[in-house]
Amino acid sequence: MQRLKVWDWKKTTHFDDAPNMILLDDDVRHLCCVYTRLQEQMRVLLLKDPRDGESGPDPYIKELESRGHKATLIPVLSFKFISANTLSDKLLQPEKHGGLIFTSPRAVEAVKLCLEDKDRKQEWNKSLKDKWNRKSIYVVGKATAALVQSLGLEPEGEDTGTADVLSRLIIEREEKNIPPLFFPCGSIKREVLPTALRENGVPLETLTVYQTTEHPDLEKNLKNYFTKQGIPGSVGFFSPSGVKFCLEAVRRLSGEQLTQIKFAAIGPTTRDAMAAEGLCVSCTAEQPTAQHLAAAIADALQ
């Protein structure tokens, strides 16, 4: 006969020997608590929009699932496109600009909307995109670069990761006597890139092409998540705007368990915004990609 023994669950969280154990009442209660906490540690809340224009699972969810974590996306931001006529005029006059700068996917989407007009799109494909490609097309991040490429443009700088690093690349490459670089951007952009370029004499023209606001269902979606799934093991932020719109609700819904959460940032700009709000940042992605963020979160949760 196989000898059974009592397992002291207070001294372990490993389950390999469970079939050969006798559990006392206190042990069962402790086991339930351990199991619940382990489940919580496996859950990751990502405060971002699903990736637009891609079939299949979001790459962040896919990467985290490959590491054994269940991820949930909650959209944080809502966008309204503006200045369409002015943007169209700028796109039709590449000779008046030294190049293009894109630091967000939404700015590229604004351009795409302008090109939905049949005549405008035909002119773009016939000659305009080639004229722009003879100039510099700067981007931050692989997601933005992929959208720019879908316009038929040839971007550079996608590995810079932040507007700060991109600005240094532009300053190194561009002359001061060129026509202004054209920078379509959002209403709450950071001033790092415009300030750096102007201080170094690189001509720049900006145009606000979309407004950023809080997603109308954000509060409801956050409350539903915490009610149904409990406290996540990690929460990932993807922009300073996300920090601005979400942090108060996350703090309120987490209560005293806030300190148990591993907070993750997609990059240094978001990390700084989190730290400025007094949040303890457990990890920051080395690069703003699904692979790097998932790896950072998985390490933080070990």
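Two strands count as paired if DSSP finds at least two bridges between them. Strands (E, at least two residues) and helices (H or I, at least four) are DSSP runs, numbered from the N terminus.

I noted that this is a predicted model, in which local features need pLDDT of at least 70 and side-chain atom pairs count only at pLDDT 80 or more, while totals for chains, interfaces and linings use all residues. Residues are numbered from 1 along each chain as its sequence is written, and side-chain values use heavy atoms, with hydrogens and water left out.

**Entry: the sheet**

I looked up strand E3 (residues 43-47) and found 4 bridges joining it in parallel to strand E10 (residues 234-237). Leu46 stands opposite Gly236 in E10. I then traced the open sheet of 5 strands, which pair in parallel in the order E4-E3-E10-E11-E12. Strands E4 (70-73) and E12 (281-284) are the edges, each pairing on one side only.

**Entry: salt bridges**

I looked up the salt bridges (a side-chain nitrogen of Lys or Arg within 4 Å of a carboxyl oxygen of Asp or Glu). The structure holds 13 of them. In one, the closest N and O atoms of Asp159 and Lys142 are 3.0 Å apart. Asp159 lies in the loop between helix H6 (142-150) and helix H7 (163-173), and Lys142 lies in helix H6, 17 residues apart.

I checked accessibility (buried is under 20% relative accessible area, exposed over 50%, partly exposed in between; 1.4 Å probe, protein chains only). Asp159 is exposed at 57%, and Lys142 is partly exposed at 40%.

I also found Arg168 and Asp164 in a salt bridge at 3.1 Å, N to O. Both lie in helix H7, 4 residues apart, about one turn of the helix.
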